Amino acid sequence: MFLIGPPGDYKRRIVNLFGFLTSREMEFVQISRDTTEADIKQRREIFNKSGVFFDQASVRCAVGGNVLVLDGIEKAERNVLPLLNNLLENREMNLEDGRHLIPHFRYDALLQEFGDEVLKSWKLERVHQDFRIIALGLPVPTFKGNPLDPPLRSRFQARNIQSIERDEVLDVIHHTVGIDHSHPFKKLVDLAFALNFSKEHDFKKFEKHSGDVAHVPYFVIDNLLYGAAITKMLEKETGGESSLRSIFELMYPFKGSKIGSAVDENLGPEVRSTKRPMKLNLNPLPLPSQMETLEMALGCLKSDINRGLLLYGSQGCG
């Protein structure tokens, strides 16, 4: 199956639920422009001072009858697509160590005719009948990537997975985090959908990325749940309202006049926060410019919905 939809972990959560409900073992392979045949088939590594071929996820899933999840298939290069197509359609693959994967019905027929020892001497491997592939990808050309070749696309049953709607987002935040619909965080939800509406309608004609960020980046709706959890934790720690702009920049670190005007329109003018700072046992104390970043980092670590945090900046920013 092929699940196609906007960026975010919504598609991956659906796949994880599928694996849980069906009690299927799964392996994820992240596809990128640097993915080669060795990442799909076998990789040669040094073991006990000699080169040994190790099966990669696709081979392990094919032999073991597990579910192989190809995440980001729109990034696959042309030299990888025929390999995936042959595995999907024919259940066949030539491995670097001399073995050959063949479909289960051909293997079973040869097994009855020649026996197990002969098939082992021929280095034939049986592809399990329960082996399945799930591909996750972005719609192209709305997002950057390579459109799937028709032969490969025809091997999948495709389904369009859209992000959840605004009212459903508010309901999920309310039941999961405990922030009700009257909370100021609702403005961030409105801002996220306003930015995505601008991308879908007003900014499709901009093909090049200008210095004014004419092409508004997509706001990942899934980030709203994590932003709400951090907001809840910061308000509990500091006893006051969190800066909506700081939470927004944590979820959407992009700049530009188009984005700035949308932020001002939905969040209003920037005001100084009156909440008390967190008590940190540090010596020396952090600079005021570093304090907000530290609070956001602690909010990410202490929130009920934990997630990784990436800090980036110019050289010497501390």
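For the angles on this tour, an axis is a line fitted to C-alpha atoms, for helices over the stretch in contact, and angles run from 0 to 180 degrees between N-to-C directions. The model is predicted.

Start with helix 3, residues 57-64. Helix 3 lies across strand 6, strand 7 and strand 8, and runs at about 70° to strand 8. Next select helix 5, residues 104-114, which lies across strand 7 and strand 8. Its direction is at about 120° to strand 8.

Now hide the helices and look at the strands. They form an open sheet of 3 strands in the order 6-7-8, with mixed pairing. Strand 6 (93-94) and strand 8 (124-126) are at the edges; each has a single partner strand, so one side of each has no neighbour in the sheet. Select strand 7, residues 100-102: strand 7 and strand 8 run parallel and are joined by 3 bridges.

Move on to helix 10 (residues 223-238) and helix 11 (residues 244-251). Their axes are 10 Å apart, and the helices pack at an angle of about 140°. Angles over 145 degrees would count as roughly antiparallel; helix 10 and helix 11 are therefore oblique to each other. Their crossing is right-handed.

Show side chains at this contact. From helix 10, select Asn223, Leu224, Gly227, Ile230, Thr231 and Leu234; they meet Ile247, Leu250 and Met251 in helix 11. Coloured by class, the contact has 6 nonpolar and 3 polar residues, and no charged ones.

Technical notes: Residues numbered from 1 in each chain as written. Predicted model: local features only at pLDDT ≥ 70, side-chain atom pairs only at ≥ 80, totals over all residues. Heavy atoms only, no water. Pairing = 2+ DSSP bridges. Helix = DSSP H or I, 4+ residues; strand = E, 2+ residues; numbered from the N terminus. Contact = heavy atoms within 4.5 Å. Parallel < 35°, antiparallel > 145°, perpendicular 65-115°, else oblique. Left-handed = near helix turned anticlockwise from the far one by under 90°. Nonpolar A, V, L, I, M, F, W, Y, C, P; charged D, E, K, R; others polar.
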